[in-house]
Amino acid sequence: MFDIKDLDAISQEYFNIICTGEYDVTVQSKNTGHFWYLHNVTQPNANTCVIFHKHKYSHPYHLFGRANTLRRVIRNIKSHDKWLLQREYKRKTLKK
């Protein structure tokens with residue numbers, strides 16, 4: 001279950017927050033425009049966040065991965081954004 005401390009860790013400078021709940025969070029990266037749906041599966045001895053991802057609003061979500069905490073999920077998203085932006089930069093510079 002996500003608590004207030006977890007949800008407060010989501011940077012509104014980095015993300016558009018679409019919706020939040022006890023077990024579900026949906027955000028959009030302001031850097032890439034990608035959407036992320038995070039579902040917290042509470043198990044008897046552990047919490048696991050399942051991460052779903054889509055590139056555009058009209059696309060369906062696909063499984064991106066899992067993480068133990070919401071903070072780790074955020075790090076994974078930022079890492080993905082960095083990778084994607086670097087890839088796009090390389091593509092643009094190679095075309096010149």
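Biologist: Which residues is D81 in contact with, once its neighbours within four places in sequence are left aside?

Modeller: In this predicted model, D81, which sits in helix 2 (residues 70-95), is in contact with Y14, S29, N31, T32 and W36.

Biologist: What makes the pairing of D81 and T32 a polar contact?

Modeller: Their side chains are joined at 3.3 Å, and the cut-off for such a pair of N or O atoms is within 3.5 Å, so the label applies. The side chain of S29 also makes a polar contact with that of D81, at 2.5 Å.

Biologist: Why is S29 called buried?

Modeller: S29, placed in strand 2 (residues 24-29), has a relative accessible area of 1%, and buried means under 20%, so S29 is called buried.

Biologist: How do you know that D81 has no salt bridge?

Modeller: The nearest side chain of opposite charge, K78, is 8.6 Å away, whereas a salt bridge has to be within 4 Å; therefore D81, although buried, has none.

Biologist: Why is C19 in no disulfide?

Modeller: A search of the whole structure finds 0 disulfides. For C19, the nearest cysteine sulfur, that of C49, is 14 Å away, and a disulfide needs sulfur atoms within 2.5 Å, so C19 is in none.

Technical notes:
Residues are numbered from 1 along each chain as its sequence is written. This is a predicted model: local features need pLDDT of at least 70, side-chain atom pairs count only at pLDDT 80 or more; totals for chains, interfaces and linings use all residues. Side-chain values use heavy atoms; hydrogens and water are left out. Helices (H or I, at least four residues) and strands (E, at least two) are DSSP runs, numbered from the N terminus. Buried means under 20% relative accessible area, exposed over 50%, partly exposed in between (1.4 Å probe, protein chains only). Lys and Arg count as positive and Asp and Glu as negative; His and the chain ends are not counted. A polar contact is a pair of N or O atoms within 3.5 Å; within protein, one must be able to donate a hydrogen and the other to accept it, and residues adjacent in sequence count only if both atoms are side-chain atoms. Contact means heavy atoms within 4.5 Å.
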